[in-house]
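Please open the model in your viewer and keep the selection panel at hand. The stops below are meant to be followed in order.

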Amino acid sequence: MAKSPVVTGISPKEGPPGTRVTIRGEYLGINPNDLSSLIICDCECMLSAEWKSPNKIIARSGPGKGRGDIILVTKSGGVGTSTVQFRGYHETIGPLKESAVWVEEAPLNWGRQNSSVTIFQLDDPLGLSVEGDEKFPENELTELFPDGSGDLLSENFEPAWFLLEHHHGTSFDDLRVGLSYLKRKVDSQNEGQLSFLKDNVGSVMEQLDTLFTLKQNYEADFERNNETLFRVEEAINRTF
């Protein structure tokens, strides 16, 4: 029997469902037919697995969330082991991302947003420029916040991650100025929403009246149909 598969490297190390993952290691099967199962973050990903060589496989991640091992099972070597882990997360769909479901619109936030058409770089929410060219090590951020993210649109957004990633060289006084700027920006958005409601209160009331009328008509139709059904049932019972 051949040696068990050993996964020693993956690229990338994290991503949403459907991420194309390159898996490297040793004894990863002798041919494509030798593969029996490929599990990434407790999700079976065998259908997307592409065997390239005994040292390389390409697959797409499943819907698993959090950190998990990459376990490969081959007919020749059995169940393998993994020295690395993949981190799966679910992205929050924004206004620039394609989605099969309806997405509530929200104000655009700062950050690099992927789109099937183009990529936008929006302003810093603190109104500050990034100080220095040296980036904070990503592996240290992952160790400090294993379940967090610096993406403002992520459900696992971690403010400390964002500040270390983009403003680790910014002075405390500048950060205080940026906080004041962000508060003013949020207040202006809230005022804009309130003024919109005030300007369109007539239309809102008309829509509410229409919904109320529809509800009344529905209830009346429901009662009439029930009464007709009851009469038909009585007539049928009298025939027996």
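**Whole chain.** This is a predicted model, in which local features need pLDDT of at least 70 and side-chain atom pairs count only at pLDDT 80 or more, while totals for chains, interfaces and linings use all residues. Residues are numbered from 1 along each chain as its sequence is written, and side-chain values use heavy atoms, with hydrogens and water left out. Select the protein chain and colour it by pLDDT (the predictor's confidence in each residue, from 0 to 100): the mean is 78, and 80% of the residues reach 70 or more. In cartoon view, look for 4 helices and 13 strands, which are DSSP runs (helices: H or I, at least four residues; strands: E, at least two) numbered from the N terminus. Of the 240 residues, 26% count as buried (under 20% relative accessible area; exposed is over 50%, and partly exposed lies in between, with a 1.4 Å probe and protein chains only).

**The sheet.** Next, select β6, β7, β3, β1 and β10, which form an open sheet in that order with mixed pairing (two strands pair if DSSP finds at least two bridges between them). The edges are β6 (50–53) and β10 (81–82); each has a single partner strand, so one side of each is left without a neighbour in the sheet. Zoom in on β3 (residues 20–26), which is antiparallel to β7 and joined to it by 5 bridges. I23 has I57 of β7 as its bridge partner. Strand β7 (residues 56–60) also has the highest confidence in the chain, at a mean of 94.

Select S61, in the loop between β7 and β8 (66–74). Is S61 buried or exposed? S61 is buried, with a relative accessible area of 8%. Its contacts (heavy atoms within 4.5 Å), not counting residues up to four places away in sequence, include P16, P17, G18, V21, C45 and F86.

**Helix α4.** Move to residues 201–238, which form helix α4 and include L214. L214 is exposed, with a relative accessible area of 52%.

Finally, select residues 99–122, where pLDDT stays under 50 and the model has 36 contacts beyond four places in sequence. Confidence is lowest in strand β13 (residues 120–121), at a mean of 42. Where pLDDT is low, the predicted coordinates should not be read in detail.
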